[in-house]
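Good morning, colleagues. Please have the sequence and the structure in view as I speak.

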Amino acid sequence: MRTKRFSLAVDRASRLPLGEQLFLALKEAIARGVYKPGERLPGLAELARTAGASEKVARRALARLAEIGWCESRRGTRSVVANRGRDFRGHVLFYLAETVFGFHAARLVAALRSQLLKANYRLTAISADDLKKDGYSRNLSESLQEHWDLVIEMGTRLGSRAAIERAGWPFLVLGDGGCGSTPSDAANYVGRIGLWSGLAVPEFVAACARRGVRSVVQFLLDDGCFDVAEMLAAQGIACTSVSIHNFHSPFRMYRDAYAAMANLLKPGVARPDVILFTDDHFAQGGLLALMERGVRVPEDVRVVTHANRGLGPFWIKPLTRLEMDPVAQGRAVARTVLSYFRTGLLPEGLVLGSVWQPGETF
């Protein structure tokens with residue numbers, strides 16, 4: 001890799017995270033002209049080897065560069081240094097009302113950014129990494145002092161929403177069907193794009209009815225955004241819910257689902273026809289409990305899980321899933337945003353969400 005006497009190695013004794021170190025080093029290298037606009041940055045393997053870190057660290061550093069508009073990620077090839085002096089047609093702020101970008105949000109934003117850049121719009125993505133109890137975020141408030149042609153709010157926090165409304169920039173809500181999707185009566189509110197993880201639930205219920213399913217157990221987040229019990233009841237199918245409360249800790253979700261499944265498999269407890277996991281962390285814990293106790297899937301019990309495309313859980317047979325595709329959803333959001341910029345109106349009624357993905361476990 002061409003360094004021009006410029007070191008990209010990380011210092012493991014530093015208090016800064018390795019990804020942040022590499023991000024800052026790359027940013028300085030671009031600022032000094034080591035990598036010029038239009039030039040390709042090193043690939044993940046080469047960058048990781050030169051920095052003395054993992055490809056995960058290199059990927060995180062490149063993602064941070066893309067977030068601030070210093071490079072452009074292109075699928076199937078290396079990242080390219082952005083022309084930061086070019087005249088963009090508009091600037092979009094994407095605000096995630098959570099403390100970190102998870103798998104789904106990160107990939108949705110990457111796809112959204114790629115599509116907007118092709119149309120010469122710049123996207124800056126931030127999260128509420130300094131979130132307070134009332135939803136206030138200094139990170140958001142300071143960002144809103146800049147000029148934005150559109151703000152996209154994913155998830156709702158009262159303090160954050162108030163700051164967006166006061167700022168006056170046009171904003172839309174990217175929400176999950178009543179969970180974090182509260183509309184607004186502010187003059188700068190332009191509309192909502194639905195994002196519903198339970199969009200494929202009717203197909204799941206219909207499949208249960210066709211197969212003569214009599215009983216279902218669903219593992220739910222205690223603030224879950226979809227619940228199949230009512231729709232199953234309309235079909236005469238019994239549904240028992242197991243609520244998991246530790247939704248901010250993946251390990252505890254995994255652990256609690258494992259314990260709950262073990263309890264369901266005790267002697268004398270009637271085994272359901274179908275188990276539905278509404279989160280992939282639940283599925284990992286629950287499937288392990290089934291496997292350890294010799295319960296066969298799908299011979300002894302059928303399993304369906306909700307998960308993101310490209311992310312587990314994995315099983316010896318392809319899992320039947322209610323599947324979210326964040327890349328496709330990001331592209332759909334981009335098409336809607338570009339339509340808004342062309343017409344001044346946000347198309348109504350767009351709802352994105354899960355799709356029914358048949359597998360061998362149901």
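**Cavity and cores**

Let me begin with the lining of the largest cavity, whose residues comprise six nonpolar, one polar and three charged. Please bear in mind that this model is predicted. The residues concerned are Ala66, Gly69, Cys71, Glu72, Ala82, Phe88, Arg113, Leu117, Arg122 and Leu123. At least two lining residues come from each of strand E1 (71-72), helix H4 (103-118) and strand E4 (121-127).

I turn now to the nonpolar cores. The largest of these has 28 residues, and those with the most contacts inside it are Phe94, Leu112, Leu116, Ile152, Leu174 and Val333. Two or more residues of this core are given by each of strand E3 (90-96), H4, E4, strand E5 (150-154), strand E6 (171-175), strand E7 (189-196) and helix H11 (326-343). Which element gives the most to this core? It is H11, with six residues. As a general matter, nonpolar side chains in soluble globular proteins tend to be buried together.

Finally, I would draw your attention to a residue of helix H11, namely Ser339. Is Ser339 buried or exposed? Its relative accessibility is 15%, so Ser339 counts as buried, the cut-off being under 20%. Beyond its neighbours within four places in sequence, Ser339 is in contact with Gly344, Leu345 and Pro347.

Methods
Residues are numbered from 1 along each chain as its sequence is written. This is a predicted model: local features need pLDDT of at least 70, side-chain atom pairs count only at pLDDT 80 or more; totals for chains, interfaces and linings use all residues. Side-chain values use heavy atoms; hydrogens and water are left out. On a 1 Å grid over the protein atoms alone, a cavity is a set of points where a 1.4 Å probe fits but cannot get out, and a pocket is an open set with protein on both sides within 12 Å along at least five of seven lines; lining residues have an atom within 4 Å of a point. Helices (H or I, at least four residues) and strands (E, at least two) are DSSP runs, numbered from the N terminus. Ala, Val, Leu, Ile, Met, Phe, Trp, Tyr, Cys and Pro count as nonpolar, Asp, Glu, Lys and Arg as charged, and the others, Gly among them, as polar. A nonpolar core is a set of buried Ala, Val, Leu, Ile, Met, Phe, Trp, Tyr and Cys residues joined through side-chain atoms within 4.5 Å. Buried means under 20% relative accessible area, exposed over 50%, partly exposed in between (1.4 Å probe, protein chains only). Contact means heavy atoms within 4.5 Å.
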